[in-house]
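Biologist: Let us take a close look at a single part. Please show me the model first.

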Amino acid sequence: MDNNSILKYLQGKASEKEKELFFRWLEESPEHKEEFSAVKKIWALSAKYKNTEGTIWADLKPVVQPEKKTHKHFIRILKQAAIFIILVGCGALAQFYISQKADNNQTVYADSFSVKAPLGQMTNLELPDGTLVMLNSGTTISYSGDFTSGNRQVYLQGEAFFDVQKDVDHPFIVNSEFLGVKVYGTSFNIQAYPEDRTFAATLVEGSIGLLDANGEEVTKLVPGEKACFDESGTNIEIKQVDTAMYTSWKEGLVTYRNERLEDIAKQIERWYNVEIVIQKEGLGDERYFGTILKNKPIDQILEVLKLTTSLQYEIVPRANKPSLIYWK
């Protein structure tokens, strides 16, 4: 990302789409976070000394000087060197600050926050506006530092249940890789694991609108409806459902109705931080009907699946790695 785009964000002139692209870029690597910190420090320093935009950048570029060097020119060089040293020092401090953890799950960097529920765990979170969020295993949620100023937008990777605080003047928006959700005060569930290449939103109370990649509302849901989108398709499928089936994971219950074992295997991998290898041909396409208790040991979960499918399994513990489970 070029420096002009970063400066545009710092000056508060970036559009919602530009902010979304900025935060995605910031998450891509530690180098991007370090680059942003350096730019931010330079921008802040230039503002402090009331320089016009870009003055500091110009000052640090090589300048051709006459052969005769005066005392004033020598003093000017010393001033430039001092500014450069200050910037380097600020960059080092920023890098150190970025590397610190606010707690085991929350990372603080620059002007945004990111919270992750590790594999095998669920995490409860209260956002600055009072909105309650429960993150399912392997889920990450990010939001900007100006959230409390009315910019109630989050970016979700994974599955989460939201109980949103009502604020008519500042709608709450959940962004994901495929679709977004716009709400004013409601409770709903979203599934948007990047590796699944799908999106699903289930509305429990209130009303939500689904947003396309341009932030335009394409349809609305009413309580009891579930919207599904698959990367391979172009349409959003909306159907009436029993919302408890898609939100009961919060209480440790997961109910399946005609679910493929291959899809169930992906969920079990997240819940228990294990790796499943399906060896038997056709086993992944077998369907399962029933309810699973997530808080039970994994061998008990597998025994339940065996009752109504042809599944056989072998658990192979591995040191310093997730246990390997063969489905035979």
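How many cavities of 30 Å³ or more are there? And what lines the largest cavity?

Modeller: This is a predicted model, in which local features need pLDDT of at least 70, side-chain atom pairs count only at pLDDT 80 or more, and totals for chains, interfaces and linings use all residues. Residues are numbered from 1 along each chain as its sequence is written, and side-chain values use heavy atoms, with hydrogens and water left out.

The count is 1 cavity of 30 Å³ or more. A cavity is a set of points, on a 1 Å grid over the protein atoms alone, where a 1.4 Å probe fits but cannot get out. Its volume is the space filled by probe spheres set on the points, which are joined across faces, edges and corners. The largest cavity holds about 40 Å³ of space.

Lining residues have an atom within 4 Å of a point. They are Tyr155, Leu156, Gln157, Ser176, Glu177, Phe178, Ala192, Tyr193 and Pro194. Strand S6, residues 153-163, gives the most to this lining, with 3 residues. Strands are DSSP runs (E, at least two residues), numbered from the N terminus.

By type, the lining has 6 nonpolar residues, 2 polar and 1 charged. Here Ala, Val, Leu, Ile, Met, Phe, Trp, Tyr, Cys and Pro count as nonpolar, Asp, Glu, Lys and Arg as charged, and the others, Gly among them, as polar.

The charged end of Arg270 sits over the ring of Tyr193, 3.5 Å from its centre. That term needs CZ of Arg or NZ of Lys within 6 Å of the ring centre and within 35 degrees of the ring normal.

Methods
1 Å grid on protein atoms, 1.4 Å probe; cavity = no way out; pocket = protein on both sides within 12 Å on 5 of 7 lines; lining within 4 Å. Helix = DSSP H or I, 4+ residues; strand = E, 2+ residues; numbered from the N terminus.
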